[in-house]
Amino acid sequence: GIFYGGAPGIADGAIAVGSVDNTHVQQFTFDVAGKLYGYIQAGAAPIAPQQGEFELVTYPPGQEIGGVDLPGRPFDGKVVLIFRGSPSFYNTVLAAQNDGAAGVIIANNPPGTINVSVDGPTPIAIPVVSITMVDGLALHKAVNEAPADSPVALTWSDQVLVSEDPVGGDISSFSSWGVAGDLTLKPDVLAPGGNIFSAYPLDAPDANGSGFASLSGTSMAAPHVAGAVALLLNVNPDLSPVDVRALLQNNANPVDNHKVSVVGTWLPEAVFRQGAGLINIPASLTKATSGRQGATAAASLVTPSKINLLDGDKIETTNLTITNNMDHDVTYTLTLDDSPLTVYGRNKDSNTKTQIPIEIAQVTDFSMKKITVPAYSSRTVAITINEPLKYWSGDAVKPGTFYGGYVVLTGSDNT
């Protein structure tokens, strides 16, 4: 929900980074009936082996989400498939462990992957992995349609599978919302942070000996931005911290919400969930140098790179400085994109209380809607944003609604 961003990312001078899921997932696997299924290792559980065959079973009909104590030890020495549900991951796995399971596979219930942790007072002593909903449904069907005298076998494998993530490119479910506690806009940008396959310490407690692991978190997204910053400073060492953030924000691409279609089409995620959007490193590098190398490199950018409307109860005027260090004049047309979703309701409901956008463009005034910035020069445009009164639907804006948009500069040189 809103206000979930934490220190130090919410500091004024910091670049706060949200996460998007990787478009493809590289995973270790198990084999069922000759087909490889990719999985994500659960936290706080032993590492899944890379060999060994076990019978694959499911819970009885109506109890597919587990978390119940079955008579006896029906899962003795078997790997059990469980669908994500209302019991906690820990309680779900503990119940299966107590019923003799040799391993647990948790299938997600919405599309996409899920990162699971099973930390709890009684240690989990069996391997636990998670898979997608699609794979879970396929395995459940195979187990329940198999003849009684021919159970389904699962073989742990050392092979790696690369598959497309059905929610790849979307904002990760764990990515924290802004705004900061003082109502300033956070996060600043997005970067890949979900299902990142990378080098991993061989001596880590949860390492499987391969030297690689697939992990998720804004701790994966922030290094992408740190690397982007290093590239920017490499091509133009004179950039200030403000310049660096501006280049990343000016050239980022807003990400659409693919869960809520409020006007029959996908619209951008709320600004205070994604900031300027997914970083575009090639575009940022181009603007960091204005097409020149070495000592002649100079940035072309717009500052400030974000406008904080705070509580929105008064007219806000901001002077935007447009700097053009290209070797040619550029004429910019200025517009206000108010299509990002809004949020209304209690803090904890923010993920589900996405609302139709607000008519911000109707209450926004530019001192100039078109301006020519000569080569190697800067010009200033004032933008005034009044308090919006209506949603796109025409209904009055509810008090307590959080909203945002983007100032778009379209250059005559297609920038």
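Biologist: What makes W156 buried?

Modeller: In this predicted model, W156 has a relative accessible area of 3%. Buried means under 20%, so W156 is called buried.

Biologist: Why is F30 called buried?

Modeller: The relative accessible area of F30 is 0%. That value also falls under 20%, so F30 is buried.

Biologist: Why is the pair of F30 and W156 called edge-to-face?

Modeller: A pair of aromatic rings is described by the distance of the centres and the angle of the planes. For F30 and W156, the centres are 5.8 Å apart and the planes stand at 85 degrees. The centres lie within 6.5 Å and the angle is over 60 degrees, so the pair is edge-to-face. This pair links distant parts of the chain, with F30 in strand β2 and W156 in strand β8, 126 residues apart.

Biologist: What makes the pair of F30 and Y37 stacked?

Modeller: The ring centres of F30 and Y37 are 5.7 Å apart, within the 6.5 Å limit, and the planes are at 20 degrees, under 30, so this pair counts as stacked. Both F30 and Y37 are buried.

Biologist: Which residues do the ring pairs link into a cluster with F30?

Modeller: Ring pairs join F30 with Y37, Y39 and W156 in a cluster. The model has 9 aromatic pairs by this rule.

Biologist: How do you know that N280 makes a polar contact at the start of helix α6?

Modeller: A side-chain oxygen of N280 comes to within 3.1 Å of the backbone nitrogen of A283. The limit for such a contact is 3.5 Å, so the pair qualifies.

Note on methods:
Residues are numbered from 1 along each chain as its sequence is written. This is a predicted model: local features need pLDDT of at least 70, side-chain atom pairs count only at pLDDT 80 or more; totals for chains, interfaces and linings use all residues. Side-chain values use heavy atoms; hydrogens and water are left out. Rings of Phe, Tyr and Trp (its six-membered ring) pair if their centres lie within 6.5 Å; planes under 30 degrees apart count as stacked, over 60 as edge-to-face and the rest as tilted. Buried means under 20% relative accessible area, exposed over 50%, partly exposed in between (1.4 Å probe, protein chains only). Helices (H or I, at least four residues) and strands (E, at least two) are DSSP runs, numbered from the N terminus. A polar contact is a pair of N or O atoms within 3.5 Å; within protein, one must be able to donate a hydrogen and the other to accept it, and residues adjacent in sequence count only if both atoms are side-chain atoms.
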